Amino acid sequence: MSEPQIMEGFPPLNEGQVTLTNWRLPPFNRWGFHHVRELIPTATIHRTERPMDRIPLVSSLLERLAFQGPDGREWTVGSLLPLTWTDGFLVMQRGRALMEWYDAGLRPEIQHIVFSVSKSISAILAGAVIGDGRLDPDALVTRYIPEVEDSAYGGDCTVRHVLDMTVSVDFIEDYLDPQGDFMRYRVATGWNPIPQGTKAEDLRSFLRTLRRGVRPHGEIFHYVSPNSDLLGWILERATARPYANLLSDAIWKKLGTEFDSYITVDRVGAPRTAGGICASLRDLGRFGDMVRNRGRIGEQQIVPEWWIDDIRTKGDPVAWASGAMAKLLPRGRYRGKWYNTGNERGAFCAIGIHGQWIYIDPTSEVVIVKLSSQPLPLDDTMDRLLLTAFDAISRSLGS
């Protein structure tokens, strides 16, 4: 692995201006991923209103923890972090921090984009809305969004299909394709500039253009980010509230968050609930610890226990095995926008491109958050290494 570069200042010294064209490309992403609000319109996700203390930090020797990587190479946690483009790293156990680490200009008060970890946060929010009776996961999508009747989400497509990524849709999630549907999708979200000579499209108009695939809904795990943007639209329609305000009041303020978070929005204000949430490292740790604690913060149940249990224990292994990501987690499952690793400790996680993670090990009561600026959106070799590291940390703390 090559030594990662660090960019600070605006514009970053010696490298040129970070723009909407290059903010996800190295080396610009090392700055862009924690300055998203300066590049793209956003909506605020408000922190807890009363003053909050830091998460208690307990001295540990985790940086020295040694483990063997999948390729047989010997690593320590301390040597892993800089070589995997880590910007922030937090290990918590039972609500206390055992390790907190920053690099590349990230600081405790700065928000970092979490990409598809946003999907998992949105699904936990869906659990809160389902729990208070405002959303039915088994209902047809068109009960809430009749505008998509003529798209892949019409007919017999249910909210559960959207939650579990089993919608049959003719869409390819290719992050590096400069011409295909994914590029058109990113332009619609406001994440890419509008190509010269084309008309700007908004996110929800784009969702209505997606066409159904050949197979029935529910058969195959097919990872499609627009599904999760549709979930945000469903949540707004079911509650008659803007997504950022809903997330603020239903979850974020109740977590005891220290800092505001935010989410990117398109040209007409639609939130990018599939990938646009930006939050501080500690507040993501608080969120992960609430999920570990089955939806509870102190004495307050803010997400139903049964929803967290459903995510942890369910998911169709046949649909997962039929999908394109089964090689990473051969015994895994996917449920409610969370990945079950399939290991004997019951570990489950939220994953975002370029190296964003919330990893939860219920057996050792550990939560690990990793914020990164990996050069490639997807890197299976690095993902396997990180899963091995997270497992080693959890086992060391559970012994």
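Trainee: Is tyrosine 223 buried or exposed?
Mentor: This is a predicted model. Tyrosine 223 has a relative accessibility of 12%. Buried means under 20%, so tyrosine 223 counts as buried.

Trainee: How many aromatic pairs does a search of the whole structure find?
Mentor: The search covers the whole structure and finds 21 aromatic pairs. One of them joins phenylalanine 221 and tyrosine 223. The total asked for is 21.

Trainee: What is the angle between the planes of phenylalanine 221 and tyrosine 223?
Mentor: Their ring centres lie 6.4 Å apart.

Trainee: How far apart are the ring centres of tyrosine 359 and phenylalanine 390?
Mentor: These rings also form a tilted pair, with 50° between the planes. Centre to centre, the distance is 5.2 Å.

Trainee: Which elements hold tyrosine 359 and phenylalanine 390?
Mentor: Tyrosine 359 is buried at 1% relative accessibility, and phenylalanine 390 is buried at 0%. The pair ties together parts that are 31 residues apart in sequence. Tyrosine 359 lies in strand E14 (residues 356–361), and phenylalanine 390 in helix H12 (residues 380–398).

Trainee: Which residues do ring pairs link into a cluster?
Mentor: The cluster is built from ring pairs. Its members are Phe171, Tyr175, Phe182, Tyr185 and Phe206.

Trainee: Which ring does the charged end of arginine 73 sit over?
Mentor: The charged end lies 4.0 Å from the ring centre. The ring belongs to tryptophan 75.

Trainee: Which arginine lies over the face of tryptophan 191?
Mentor: The distance to the ring centre is 4.3 Å. The residue is arginine 272.

Methods
Residues numbered from 1 in each chain as written. Predicted model: local features only at pLDDT ≥ 70, side-chain atom pairs only at ≥ 80, totals over all residues. Heavy atoms only, no water. Phe/Tyr/Trp six-rings, centres within 6.5 Å; stacked < 30°, edge-to-face > 60°. Buried < 20%, exposed > 50% of the residue type's maximum accessible area, 1.4 Å probe, protein only. Helix = DSSP H or I, 4+ residues; strand = E, 2+ residues; numbered from the N terminus. Lys NZ or Arg CZ within 6 Å of the ring centre and 35° of its normal.
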